[in-house]
Amino acid sequence: MIKVINNKSLPKYKIMNVLVDGVEYAPSSLRVSKEPFNTPWPGHQRPFSQTEENGYFHIVTDKEEVEITIKPNIVFDKYYIRPISYGIKPIYENGLFKLYLKPGKYVFELDDFHNALHIIIDIYRDFKEYGNPTITFDEGVHIRNKIELKSGDRVFLKENSHVKGFIISKNVSNVRIYGYGILDDSLEIRNVPDCYSDKSNGCLRMYDSNDIIIDSITLIDSSNWVISMFHSNNIHINNINIIGHYKYNTDGIDIVNSRDISVSNSLIHVFDDTICIKGIYDYKEYDSENILIENNILWCGWGRTLEIGLETLCNKISNVKYYNCNLIHNSAVAMDIQSGDYAEICDIEYKNINVEFNHNEMMEIMEDCNNSIYKPILKDYMPKLINISTYEYFLGDYFKELDEKMSIVRKNRYSHIHNIIYNGIKVYKEKENKEPIIDYNVKEPNVLDKPTINYEVIIYGDQNEEL
């Protein structure tokens, strides 16, 4: 069985078509960031001129392997199938790419990331393990705006459902959110710079909650942080797709003063930082610890791909494991630890991480005024592979009272960063790229114990030999 999830409520992607079992489909189109061009919250969302379209194609199947054919609708010179580490080689005949793909998540690009198709192949499930749903969204568009959960809720987004709204939970437990449907935050109006409070929520936000599973849904067009949790425990995120995000501060997943968290088997493509672990003032008595980030494909459009910080207001951030992830596009830093406060950051392990660098990396630029134009300074820009740093930060005029409170609690407290291990790191770069950059900037009296780093560099770029 092969079933294409063909959500009719989304526009169609015109760059390429996909054939499955002889039937030709136009993928769905989602809006993403075109360039790493950013600014502190200016009072409005990013202009469309800084965005472009990417494709999204979703299959569910009971097969161990699926044959799909990609039909380009543009002239191109190169193609890329990411993650590069998978080593996938298509059959190219008569202008068509035939691919044999196992269930998983992939990105197919023509020339570069501006022409990208996200391919999701899921093993079919009926999700009956979660019991009877308390909230069900059937096929079609559902305008719900705010969906506030209560303990015990089971939220089922059926295939081809398109829910326009955001989900929020406060002090709830035993919640399950699942299915092959779409959660779309495009209707939420953001009018404040604050990403911490419920004045602006993003697709899915959790406060003071416990025992929540988020499974297999797709989240698009968030107003700010896509998924965020504050002082929450036992949150498990599996096999989700976070794609189609271009607005300011659209981090993928923010884990804030929370513990016993896992993010696994997911595809995350966002404008801002991809996965962040933080500590903020309101929850400073609670640590962020026991966190597993595993088997994910990550695309960062601005900032850091795997980030600890910048906010580190808690006693400790510890026992964080990053395993078997593919970082297919990076911006400022691939793996970053930056402490702007005083948390002890320790027992952090990066293992079997594949980091991709491309010949056409785009340099991050801050806007100097409204309606300014992206003009990179460096043509041979290279994101950092690893960065560990400390520096004091302030949130700005809107947060004046909070900045004053943070200055008080920071006084005479400093960060100790230790037992940081990078093992089995593989850097995939094109021959035009520079060598990987590793940078430390930890200022006394903060302390950094030298991390353990083992990595190798692999040159790629031969995917196009048969063209």
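Reader: Which residues make the nonpolar surface patch?
Author: In this predicted model, the patch is made by Ile 438, Tyr 440, Tyr 455, Val 457 and Ile 459, and its area comes to about 410 Å².

Reader: And which strands supply those residues?
Author: Strand E40, covering 438–441, and strand E42, covering 452–460, each supply at least two residues of the patch, with the largest share, three residues, coming from E42.

Reader: Where is Tyr 455 found, and how exposed is Tyr 455?
Author: Tyr 455 belongs to strand E42, and with a relative accessible area of 36% Tyr 455 is partly exposed.

Reader: Switching topic, is His 118 buried or exposed?
Author: His 118, which lies in strand E12 (residues 116–123), counts as buried, because its relative accessibility is 2% and the cut-off for buried is under 20%.

Reader: What does the His 118 side chain make a polar contact with?
Author: The partner is the side chain of His 269, at 2.9 Å. Leaving aside neighbours within four places in sequence, His 118 is also in contact with other residues, including Tyr 56, Phe 57, Ile 243 and Trp 299.

Reader: What about cysteines, how many disulfides are there?
Author: The count comes to zero disulfides. The sulfur of Cys 195 has its closest cysteine sulfur in Cys 276, 10 Å away, which is too far for a bond. For Cys 276 the closest cysteine sulfur is in Cys 300, and at 8.4 Å that is again too far for a bond.

Reader: Are those two, Cys 195 and Cys 276, buried or exposed?
Author: Cys 195 is buried, with a relative accessible area of 7%, and Cys 276 counts as buried at 0% relative accessibility.

Reader: Ok, and how many salt bridges are there?
Author: The count comes to 25 salt bridges. One of them joins the side chains of Arg 82 and Glu 356, at 2.7 Å from N to O. Arg 82 lies in strand E8 (residues 79–82) and Glu 356 in strand E36 (residues 354–357), so this pair ties together parts that are 274 residues apart in sequence. Both Arg 82 and Glu 356 are buried.

Reader: What about Asp 138 and Lys 158?
Author: Their side chains meet in a salt bridge at 3.2 Å, N to O. Asp 138 lies in the loop between strands E13 and E14, and Lys 158 in the loop between strands E15 and E16, so the pair ties together parts that are 20 residues apart in sequence. Asp 138 is partly exposed, with a relative accessible area of 40%, and Lys 158 counts as partly exposed at 33%.

Key:
Residues are numbered from 1 along each chain as its sequence is written. This is a predicted model: local features need pLDDT of at least 70, side-chain atom pairs count only at pLDDT 80 or more; totals for chains, interfaces and linings use all residues. Side-chain values use heavy atoms; hydrogens and water are left out. Patches are made of residues with over 30% relative accessible area and no salt bridge: like charges are joined within 9 Å, nonpolar side chains (Val, Leu, Ile, Met, Phe, Trp, Tyr) within 5 Å. Accessible areas come from the Shrake-Rupley method with a 1.4 Å probe; for residues, only the protein chains shown count as cover. A salt bridge is a side-chain nitrogen of Lys or Arg within 4 Å of a carboxyl oxygen of Asp or Glu. Helices (H or I, at least four residues) and strands (E, at least two) are DSSP runs, numbered from the N terminus. Buried means under 20% relative accessible area, exposed over 50%, partly exposed in between (1.4 Å probe, protein chains only). A polar contact is a pair of N or O atoms within 3.5 Å; within protein, one must be able to donate a hydrogen and the other to accept it, and residues adjacent in sequence count only if both atoms are side-chain atoms. Contact means heavy atoms within 4.5 Å. A disulfide is a pair of cysteine sulfur atoms within 2.5 Å.
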